Amino acid sequence: MSAPETQASGSGALDLPPFFLDVQALDLGNDVKAVGLELVETESREPVRGKEAAEIWSAVFPGLFGNESYVVDFFSHLDRVREFCKMRQIEWREAGERCLVLPAPSGEQLRQIFERFEGETFGIRTGAAAQAADPALEGDLSKRGLDAYQAAYPRYKFCAICEPEDGWITLLSESLWPSEIIRLLRPAVRPFDVHIARPN
């Protein structure tokens, strides 16, 4: 699928949406099923950052969650995360030696997380398994960071590695394929004039 190519009247220029979300299967080895989501500015192909990116990503994830439980995982700069959560009354719990888990932040809280921690790498996991603590995974997150998701993701609907500054999300999932992700996300990103496509 390619970007819509409607010509602006009289100019001969293409009238493209300002943002583009590429959804592509990733080859991370035979035993890992992964999809990459890359959010870029259509014209420059630079990652979308700042407030606009936070608003789009915080709409993307609820589109993928549906009614499933979810948590946000942090494993670095934990003092900063604790202070942020205290100031905004976001619930969190200590997990493992160096892991903070934020159970189901609201949509607005998720937007604030994406905006405040744009320069950080953090994780999101969803599915029935996210309803309870996962001591094995959370202990592994403390030691190995988000590499710990590689062994754990089959227990979840997906585990996501979020790198907002780079405009990049990696979804590890046994059940979500690029075509299904595109179908789920179209309604979520419609208000932001984002074109979603699989690269050729």
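In β9, Phe158 is the bridge partner of Thr126, and that pairing is a handy way into this predicted model. Residues are numbered from 1 along each chain as its sequence is written. Local features need pLDDT of at least 70, side-chain atom pairs count only at pLDDT 80 or more, totals for chains, interfaces and linings use all residues, and side-chain values use heavy atoms, with hydrogens and water left out. Helices (H or I, at least four residues) and strands (E, at least two) are DSSP runs, numbered from the N terminus.

**The sheet**

- Nine strands make an open sheet of mixed pairing, in the order β6-β7-β5-β8-β9-β10-β4-β3-β11; two strands pair if DSSP finds at least two bridges between them.
- β6 and β11 (194-197) are the edge strands, each pairing on one side only.
- From one strand to the next, the twist averages 25°; angles run from 0 to 180 degrees between N-to-C directions, with axes fitted as lines to C-alpha atoms, for helices over the stretch in contact.

- Five of the five residues of β8 are buried, meaning under 20% relative accessible area with a 1.4 Å probe and protein chains only.
- Phe122, Ile124 and Thr126 point one way, while Gly123 and Arg125 point the other way.
- As a rule, side chains in a regular strand alternate between the two faces of the sheet.
- On one side, β8 pairs with β5 in the antiparallel sense over four bridges, and Val71 stands opposite Arg125.
- β8 also pairs with β9 (residues 158-163), again antiparallel, over five bridges; here Gly123 stands opposite Ile161.

**Helix α4**

- Within α4 (residues 135-144), Leu137, Glu138, Gly139, Leu141 and Ser142 are buried.
- Their cover includes β5 (70-74), β6 (93-95), β7 (99-103), β8 (122-126) and α5 (149-152), where contact means heavy atoms within 4.5 Å.

**Helices α1 and α6**

- The axes of α1 (residues 50-65) and α6 (residues 178-189) come within 8 Å and cross at roughly 130°.
- The two helices are therefore oblique to each other, a class for angles that are not under 35 degrees (roughly parallel), over 145 (roughly antiparallel) or 65 to 115 (roughly perpendicular).
- Ile56, Ala59, Val60, Gly63 and Leu64 of α1 meet Ile181, Leu184, Leu185, Ala188 and Val189 of α6.
- By class, this contact has nine nonpolar, one polar and no charged residues; Ala, Val, Leu, Ile, Met, Phe, Trp, Tyr, Cys and Pro count as nonpolar, Asp, Glu, Lys and Arg as charged, and the others, Gly among them, as polar.

Key: Buried means under 20% relative accessible area, exposed over 50%, partly exposed in between (1.4 Å probe, protein chains only).
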